[in-house]
Structure formats: structure tokens, C-alpha cells
Amino acid sequence: MNNNEAMLLALNVATEGAKTSGDVPVGAVILDSAGEIVATGSNERELHKDPTAHAEIVAIRNAAEKIGSWRLDDHTLVVTLEPCAMCAGAISQARIQKLVFGAWDEKAGAVGSVWDVLRDPRSLHSIEITAGVMVDECADLLKEFFEGQRERK
């Protein structure tokens, strides 16, 4: 599965997850070294009243449970939005090999926008990063969600 195919899946996870949870539509997919889907996750903060239930964290938890290890070496995380500092830390702690993300988060992004946690030379683990995959589609999904939120108020 290439980056665009995986991002399309992450966009679908984001859309479906938002329908269930009412949360910001962010989707994450974790792939193994063969490009097979190991786990997915969407934002579930509203659903579980859990501030740590970001899409990346949900996907990492699901993947770790599925493979029976917290170490996700040789795995790729594909997410529709640039990870925040909490998620960047979790990505590093899980030893994920590659990160692919779509939209930039100018307010809380920690992979280049506000901070660059994963490329900091003091980081625990070196991660290959690809940014801006299907950036317009990812950003449009978020824009539509927030415009809908403003209309409801």
C-alpha cells in the first residue's frame, strides 16, 4: 500500500470515526513492513471523555494489542493531521519507523509546525517522516468539520 492509498484509508477512518464520536475528524492507520493494515484509530476524546484518545494514540494502542508488543518497530503510522506533542512522544516511545501525515497543524503541530519533537537531535528514536500527503483533502475535511461546528452555534 502506498502513501496515498493509506491516506485515503485514514481519511475514511476519520470520517467514519467522527460520525460515531462527534469528535474532530482525524484518522490514523498503522501498517506493518509489508504494507498490511495492522490497526486504525480515530479521535475518541468526546466518546470516552479521555483527553489522550487522539487518533494516533488509539491506533498505537490497537496495534500494540494486536501484535502483542508495545514496540512497533518496522511499522508506519499514517495520520490525516500533524501529530501534537503528546502523540509525537507516543510515536517515539512506540519506536514507529515511519510517520506519514497530511494536514499541518499550525496551532499544536509537533512535527514541524510549532515544535519538531521527532526530528530533535535529543529524541530517543529516529523516525522517517513524510509530510503533506494529500494535504488538501486532509485540510478540507477539518475545515468542513469546523465550519459545521460554527454553524451549529
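Is Met134 buried or exposed, and what is its relative accessible area?

A: Met134 is buried, because its relative accessible area is 16%, and buried means under 20%, exposed over 50% and partly exposed in between (1.4 Å probe, protein chains only). This is a predicted model, in which local features need pLDDT of at least 70 and side-chain atom pairs count only at pLDDT 80 or more, while totals for chains, interfaces and linings use all residues. Residues are numbered from 1 along each chain as its sequence is written, and side-chain values use heavy atoms, with hydrogens and water left out.

Met134 sits in the loop between β5 (128-131) and α5; helices (H or I, at least four residues) and strands (E, at least two) are DSSP runs numbered from the N terminus. The backbone of Met134 has a phi near 55°, a positive value in a residue other than glycine. Asp74 also has a positive phi without being glycine, with a value near 65°. The loop that holds Asp74 runs between α3 and β3 (76-81). Asp74 counts as partly exposed because its relative accessibility is 47%, whereas Met134 is buried at 16%.

Asp136 counts as exposed because its relative accessibility is 52%. On the surface, Asp136 gathers with Glu137, Asp140, Glu144 and Glu147 in a patch of negative charge. Such a patch is made of residues with over 30% relative accessible area and no salt bridge, like charges being joined within 9 Å. Asp and Glu count as negative, Lys and Arg as positive, and His and the chain ends are not counted. The charge is placed at CG of Asp or CD of Glu, and accessible areas come from the Shrake-Rupley method with a 1.4 Å probe.

The C-alpha atom of Met134 is separated by 27 Å from that of Pro51, and the two residues are 83 apart along the chain. Pro51 belongs to the loop between α2 and α3. With a relative accessible area of 62%, Pro51 is exposed.

The loop between α2 and α3 also holds Asp50, which is paired with Arg61. The two side chains meet in a salt bridge at 3.9 Å, N to O; the term stands for a side-chain nitrogen of Lys or Arg within 4 Å of a carboxyl oxygen of Asp or Glu. The pair links distant parts of the chain, since Arg61 is in helix α3 (residues 55-67) and Asp50 is in the loop, eleven residues apart. Both ends are partly exposed: Arg61 because its relative accessible area is 44%, and Asp50 because its relative accessibility is 22%.

By this rule the model has six salt bridges. Another of them joins Asp23 and Arg45, with the closest N and O atoms 2.7 Å apart. Asp23 lies in the loop between α1 (3-21) and β1 (27-31) and Arg45 in helix α2 (residues 45-48), so that this pair, 22 residues apart, also links distant parts of the chain. The two ends differ in cover. Asp23 is buried because its relative accessibility is 2%, and Arg45 is partly exposed because its value is 26%.

The loop between α1 and β1 also contains Pro25. Pro25 is buried, with a relative accessible area of 4%.

Arg71 is placed in the loop between α3 and β3. Asp73 counts as partly exposed because its relative accessibility is 31%, and Arg71 counts as partly exposed because its value is 36%. The C-alpha atoms of Arg71 and Gln93 are separated by 8.1 Å, although the residues are 22 apart along the chain.

As for annotation, an unreviewed UniProt entry places the feature "domain: CMP/dCMP-type deaminase" at residues 1-114; such annotations may be inferred rather than shown by experiment, and the positions are given in the numbering used here. Over residues 1-114 the chain is 39% helix and 20% strand, with the end C-alpha atoms 30 Å apart.

Methods: Patches are made of residues with over 30% relative accessible area and no salt bridge: like charges are joined within 9 Å, nonpolar side chains (Val, Leu, Ile, Met, Phe, Trp, Tyr) within 5 Å.
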